[in-house]
Amino acid sequence: MHANATAEAACIEAFSKVCASISHEIKNTMAIINENAGLLDDLVMMSGGENISAERVKAVSDTISMQVKRTNVMMNNLNRFAHSHDYETGQENLHDILTLIVSLTVRQAAQKSLEISTECSENIEINTRLLPYYALVYLTLRLLIDHSDDRDKLTVKGELQDGCVSVCFTAPCVAAQFMTDFSENQLQVLVAMLNVESRGETNSLRLVLPPA
Amino acid sequence: MKLHEKEHIRVLIADDEVEFLETLGTRMKLRGFEVTTVNSGGAAIQAVKQDTPDVVVLDLKMPDLNGLEVLAKLKEDFPALEVIILTGQGSFEAGKEGMEKGAFDYIMKPVDLNQLIGKIEEAYAKAKAA
């Protein structure tokens, strides 16, 4: 009971971090749209409604359109994360999961000028409790971002190993101690719930999910 | 052509959202403000050292130094400088910490431009009265 409650808390932590990050991003895109709408008003007021530069109006319209697209991508990502809880267990494509999780950390990576690349074959499927799995991968990546030096290059690699689905995070600047101490981390409650094996190695951390 | 001629207030805006920075800067210039824009915390400190503005409008989340670190550094080197935090971060704690570090005010994005200008003018008046 206690372990389940803690795993639930870890899922809530992941979801609240995703929501905080995306709502912040959406406030930024809304601010850009707001300023550009205001700029159109300014142009009308300055010209008295006549002879407004078509080129200038087009530039503003393009900016607004781009920000709407940016917001839509963020909302799609949040929507996918939220729907991971629709069923207790489910099957999903690993490449899609890793791409989504990395997309959800773009802002945190940008704050530290980090480059995060994903390597994964497109035909690996996993069958597990999806929300805890998303939460585990997301919170692990956020921890590694927090512990990385600026301008570090992180890799998230998904692969099949002896029938198990392995996700390996490589972060060259993260101390080996962090990787080996991961077995003591509070995320271990998710590791245990999902029956994942976590292996900390020098500069890398591997999460291995056994076959369903 | 300008929309309004205000008292000549020099404003530095620091924000990593370049589209926001450029548009807000343009709109404030149309209203008679002298505006400088930078897109990182380090650049904000550098800009203030080179030519101290009357008021700084500062985002919280930026690459290199975050807004609270920039605020602390600016208040250490330029105690009389008035800084307004303008951010999309909704954390009450961040706002509280900003005010404790000496920010003039804390405003959430998106903001009504007239509200922002009102705050800038209040901050300017406070700096001039000091």
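**Exercise 1. How many salt bridges does the rule find across the interface of chain A and chain B?**

Step 1. Take the rule: a side-chain nitrogen of Lys or Arg lies within 4 Å of a carboxyl oxygen of Asp or Glu.
Step 2. Apply the rule across the interface: it finds four salt bridges.
Step 3. Look at one of them: the side chains of A:D42 and B:R27 meet at 2.9 Å, N to O.

This is a predicted model: local features need pLDDT of at least 70, side-chain atom pairs count only at pLDDT 80 or more, and totals for chains, interfaces and linings use all residues. Residues are numbered from 1 along each chain as its sequence is written, chains are lettered from A in the order in which they are written, and side-chain values use heavy atoms, without hydrogens and water.

**Exercise 2. What area do chain A and chain B bury between them?**

Step 1. Buried area is the accessible area (1.4 Å probe) that two parts lose on being put together, summed over both.
Step 2. Here that is about 2,100 Å², with 57% of it on carbon and sulfur atoms.
Step 3. Of the area that chain A buries against chain B, A:E35, A:M46 and A:Q111 supply 30%.

**Exercise 3. In what order do the five strands of the open sheet in chain B stand?**

Step 1. Strands (E, at least two residues) are DSSP runs, numbered from the N terminus.
Step 2. Two strands pair if DSSP finds at least two bridges between them.
Step 3. The order is β2-β1-β3-β4-β5, with parallel pairing.
Step 4. β2 (34-38) and β5 (105-108) of chain B each have a single partner strand, so one side of each lacks a neighbour in the sheet.

Key:
Helices (H or I, at least four residues) and strands (E, at least two) are DSSP runs, numbered from the N terminus.
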